[in-house]
Amino acid sequence: MINRRFLLLGLAGVLAVSPLRAQAPAANEPTGIMTAIYTRVAKGKGEDGGNFVIENKAARANYLSKSLAAQWAKMDARTPKGEVGAVDFDPITNSQDPDVASFKVSPEKQEADKAMVAVTIAGHRNDRKEQADNVIRYDFVRDAGQWKIDDIRGAVDGKPWSIREMLAEFIKQTDKPKRR
């Protein structure tokens with residue numbers, strides 16, 4: 001009986017001095033991927049933004065699904081030299097002028113081959129009029145065994161946008177035959 005009491009007291013003592021911590025998300029899971037991205041975005045004054053996710057073909061291959069990267073490449077191919085294309089802002093920070101002081105990553109849905117993660121950002125300036133503009137949602141798919149971003153969605157002035165829809169609309173508009 002005494003041994004069992006000491007064992008229980010010892011176990012209680014160990015638990016009391018070692019704080020229980022929430023386990024960090026795995027780096028290769030959607031929440032871990034978004035935590036890593038936004039940790040980088042929020043460094044310093046949080047003004048560098050997240051263009052590193054989409055800045056070139058290699059970056060897009062690293063972060064985006066094959067289908068979203070292919071759609072982006074199609075848009076790039078149809079964008080006249082010196083022009084911007086369909087995405088003229090930083091979708092990671094939902095802004096023209098990045099300002100990320102802090103963020104919260106929240107898993108919303110996860111299945112075997114797809115997931116949705118919401119990231120709520122707060123800036124130093126806190127100048128967004130609509131709360132919805134502070135939330136960016138990421139649709140993930142399993143692509144060749146890895147989680148990849150398949151769409152980025154947010155809102156500007158409370159009006160929703162989707163990167164996939166922007167790219168599709170741009171491609172559709174550039175498919176139209178030009179009048180002479």
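This is a predicted model: local features need pLDDT of at least 70, side-chain atom pairs count only at pLDDT 80 or more; totals for chains, interfaces and linings use all residues.
Residues are numbered from 1 along each chain as its sequence is written, and side-chain values use heavy atoms, leaving out hydrogens and water. Local features need pLDDT of at least 70 and side-chain atom pairs count only at pLDDT 80 or more, while totals for chains, interfaces and linings use all residues.

**Exercise 1.** Find which residues touch the most other members of the largest nonpolar core, and which element gives the most to this core.

Step 1: A nonpolar core is a set of buried Ala, Val, Leu, Ile, Met, Phe, Trp, Tyr and Cys residues joined through side-chain atoms within 4.5 Å. Buried means under 20% relative accessible area, exposed over 50%, and partly exposed in between, with a 1.4 Å probe and protein chains only.

Step 2: The largest such core has 35 residues, and those touching the most other members are M34, I37, Y38, Y138, F140 and I163.

Step 3: Two or more residues come from each of α2 (30-41), α4, β2, β3, β4 and α5 (163-175). Helices (H or I, at least four residues) and strands (E, at least two) are DSSP runs, numbered from the N terminus. The top contributor is α2, with five residues.

**Exercise 2.** Place A115 in the fold and list its contacts.

Step 1: Strand β2 (residues 114-122) holds A115, and A115 is buried at a relative accessible area of 5%.

Step 2: Contact means heavy atoms within 4.5 Å. Setting aside residues up to four places away in sequence, A115 touches P30, K109, Q110, Y138, D139, F140 and W147.

**Exercise 3.** Decide whether S65 is buried or exposed, and say what its side chain reaches.

Step 1: S65 sits in the loop between α3 (57-63) and α4. With 1% relative accessibility, S65 counts as buried.

Step 2: Its side chain reaches the backbone nitrogen of L68 at 3.1 Å.

Step 3: Beyond neighbours within four places in sequence, S65 contacts V141, D143, K148, I149, D150 and R164.

**Exercise 4.** Compare the phi angles and accessibility of N94 and A144.

Step 1: Most residues other than glycine have a negative phi.

Step 2: N94 has a positive phi of about 50 degrees, and A144 has a positive phi of about 55 degrees.

Step 3: N94 is buried at 7% relative accessible area, whereas A144 is exposed at 67%.

Note on methods
A polar contact is a pair of N or O atoms within 3.5 Å; within protein, one must be able to donate a hydrogen and the other to accept it, and residues adjacent in sequence count only if both atoms are side-chain atoms.
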